[in-house]
Every structure is written in structure tokens, then in C-alpha cells.
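Trainee: I would like to learn how to read a protein structure. Could we go through one together?

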Amino acid sequence: MDSGLFRLLSCAIGESAAIETFAQLQVAPALLNPVTAQVSRAEIAQALNMALFRDVTLRVPAAAAYVADQQRAGQKLCFDHGALRTVAWPSGALPAGEAAITRVLRPLGFRFAAPYPLPKLKMTGRAWCHEDFPEEIAQFFVSELHPEQFSSSFQAAVTRVLSSSRDPLQPGDMALLEQLARDKSLPWAGALALLPHLIACFDRQHGLFSLEDYQTLLTESAEMAWIATEGNAFNHATDRVEDLESLAAMQRALGRPIKERIEVSATGQVRQTAFRAVQVQRQFLHEGQVLTMEVPGSFYEFIQRERDGERLDLRFDAANATGIFKMTTQAKAQAEAC
């Protein structure tokens, strides 16, 4: 609580929430530095990640229950990566595709690590790993959907849905990001002003849209339908564990909605499974009314990584990612007027 990281996070999400999040997550000792005149890019990156992790646990009940189990057992979680979805298409005032997110990641010290083509989904995934603390600061898996590979009616629906997008970053925020990229740190006033706006980037930026457009998107891409309702929010957050088989069996015995199959990478080094996505209520426009419908929201994932020599294997696997993405496949929807 004496660290600059705690001060930064507590100013962004509140002291009680920061205390709770610190109690849940492992934090590298090298990130727990005393408050000085400057805030490092690594501290800002870690604060952002912790806020986004907390957001997922608040939105996914199974994740909250799992995290509570670990706290009762005196265990802290290792936040491995967060994943989000973007669309490589004009998006109102928001930069198109992954650029809306990478303009934030680069100044924070994340570097592009590797591409992961997802042809079955007509998407491309890209991993972003922190330069200063690659194993300790959670990576970002940023996927980008390619509407040009879909039908013209699908493309028109994407255009209508995204056209109202706003940009959560203002010129002053961009100036601070440029300063951070140059100096690798910010004065406290700048860091405190910037962090809430960075958190706001990981949300839905467009307004209400028609149920007809949603159904058009859902017919061709469950992933684009998910983006339409959830935007750039974390699709999932991931806990790095040591024994995935035992963990999955335990969660299944507890009656939690965990995936039956464990995804194994081609190298055998990376294993993943997840809770199914929570169902959430979202609003749509239809024939002059606002309708509420249940759609898939976010989920929570688990990953087991082996060591590649002295280093942890931080790679991802395209086949694993494709299997994990099925956690947000649309269930039968029920709509009602409100």
C-alpha cells in the first residue's frame, strides 16, 4: 500500500477496490516501488491490467466465485493475458481495428510479439508482450475481424453498427501517450489523468443499433455479433496455473460451467480451457421500440505454460484460440420490449 502502483490503481478504481485486487493478484516485487516524482510505463501498464482483470471478475460470476475460492485458500492468481476483439473497418471517430488499442499498448511498453492467423473465424490475432516485464505483466491478445471477407450485407451492417463510435482519448491524452513513449515515464499528474481514459478504451464505444443488423451479423459471424454488443471490452481474462487437468476437474465437480475439452498447442507447451461465457442483457432498436435480449458476454480462461529452456513459453496457438473463441457462441436468444 506504500507503493506508487497502489496509489495509481486506487486513484483510478477506489481504495477498497484496489486493496481487493492486490489481494487477488500476484504482483512482481519490482513493480512495487515507493512513490517518486515519476510513474514508470510498467507501473501504468500493470495498473491498467489490474483494473481490467477486476472488471472481468465483476462481470463473470463464475470467475468471481473461482477468485473467491483462491482467496479463501490463501492463493493469489497469476494474470497471464487479457483478450479483446476489434474490427478492421471504419469505426466513426475511433481508429479502425487494432489501432484503437495498439496506440495505447506501445507507449505502455508492450511490443508486438507474433501474429496468429484465425482463418476459420476470418480474423487475425496478435500478441503484445511487455518489454520490461514479459513474464510478470499480463500480455494482450488483440484479435481483428476482417469484414471484407464476408458478404456485402454483412459489411453494410458492420458499417451501420460502428458508425456512431466515439473516441475515449482526447488530444491531451494522446499528448501524454507521446510523452510516455518518449520518456518511458510520466509525472504523477499526467499518469493520474491518463489512466482512467486508458481503462475507458476497453469498452464498447458505439451506441444502440438495430436488432436486424445484429441478426445479420450473427448469421455470418458470432465473433462480430459479440463485438457489436460488447465492443472492445475484455473478451476474457486468463489465470496462469500449474496443473490444468486437476483445476478443470475440480471446477467441473463444483458445477461450474467449464469447457469439457482442454486445448493443447501444436508444441504441447501451452494448454488452455475456460468457463463458458456469461449471458448478459443488451438493448437493441426494433420497429420504434427498445428491445432487451440475452446475448453472450465475457468469460474466464485458464492456461498452463511450460518452460522453453530457462524462459516461460509465452507463445499462443491459433488452433487453441479458435477453440477458446467458441465460449462466446450465441445461445438461443429471447427478446422482450422494455
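This is a predicted model: local features need pLDDT of at least 70, side-chain atom pairs count only at pLDDT 80 or more; totals for chains, interfaces and linings use all residues.

Trainee: What share of the residues of the protein count as buried?

Mentor: Of the 338 residues, 57% count as buried. The protein still exposes about 14,100 Å², and carbon and sulfur atoms supply 51% of that area.

Trainee: Which residues touch the most other members of the largest nonpolar core?

Mentor: The general idea comes first: in soluble globular proteins, nonpolar side chains tend to be buried together. Here the largest nonpolar core has 98 residues, and F140 and Y300 touch the most other members. Helix α3 (residues 41–59) gives this core its largest share, 10 residues. Now click on F140: leaving aside residues up to four places away in sequence, F140 touches L48, N49, L52, G82, L84, L105, F110, R126, A127, W128, F202 and F234. There is also a second, separate core of 5 residues, including A274, A277, F299 and M327.

Trainee: How do I read aromatic pairs, and how many are there?

Mentor: A pair of aromatic rings is described by the distance of the centres and the angle of the planes. In this model the count comes to 19 aromatic pairs. One of them is formed by Y116 and F316: the pair is edge-to-face, with 6.0 Å centre to centre and 80 degrees between the planes. Y116 lies in strand β3 (residues 110–118) and F316 in the loop between β14 (311–312) and α12 (318–325), so the pair ties together parts that are 200 residues apart in sequence. Y116 and F316 are both buried.

Trainee: And what about F275 and F302: how are their rings arranged?

Mentor: F275 and F302 form an edge-to-face pair, 5.2 Å centre to centre with 85 degrees between the planes. This pair links distant parts of the chain, 27 residues apart: F275 is in the loop between β9 (270–274) and β10 (279–286), and F302 is in strand β12 (residues 299–305). F275 is buried at a relative accessible area of 0%, and F302 is buried at 0% as well. Both belong to one aromatic cluster, formed by F53, Y66, F79, F275, Y300 and F302.

Trainee: Which charged residue sits over the ring of F150?

Mentor: That is K122, whose charged end is 4.6 Å from the centre of the F150 ring. Another case to find is R85, which lies over the face of W226 at 5.1 Å from the ring centre.

Trainee: What is the phi of K122, and where does the residue lie?

Mentor: Most residues other than glycine have a negative phi, and most peptide bonds are trans. K122 has a positive phi, near 55 degrees. K122 lies in the loop between β3 and β4 (123–130) and is partly exposed, with a relative accessible area of 29%. K184 also has a positive phi, near 65 degrees. Look for K184 in the loop between α7 (171–183) and β6 (185–187); K184 is partly exposed at 47%.

Trainee: Is helix α10 mostly covered or mostly open, and how many of its residues are buried?

Mentor: Helix α10 (residues 222–230) is mostly covered, with 9 of its 9 residues buried. W226 is among those buried residues. Just after α10, G231 takes a positive phi of about 70 degrees.

Notes: Residues are numbered from 1 along each chain as its sequence is written. Side-chain values use heavy atoms; hydrogens and water are left out. Rings of Phe, Tyr and Trp (its six-membered ring) pair if their centres lie within 6.5 Å; planes under 30 degrees apart count as stacked, over 60 as edge-to-face and the rest as tilted. Helices (H or I, at least four residues) and strands (E, at least two) are DSSP runs, numbered from the N terminus. Buried means under 20% relative accessible area, exposed over 50%, partly exposed in between (1.4 Å probe, protein chains only). A charge sits over a ring if NZ of Lys or CZ of Arg is within 6 Å of the ring centre and within 35 degrees of the ring normal. A nonpolar core is a set of buried Ala, Val, Leu, Ile, Met, Phe, Trp, Tyr and Cys residues joined through side-chain atoms within 4.5 Å. Contact means heavy atoms within 4.5 Å. Accessible areas come from the Shrake-Rupley method with a 1.4 Å probe; for residues, only the protein chains shown count as cover.
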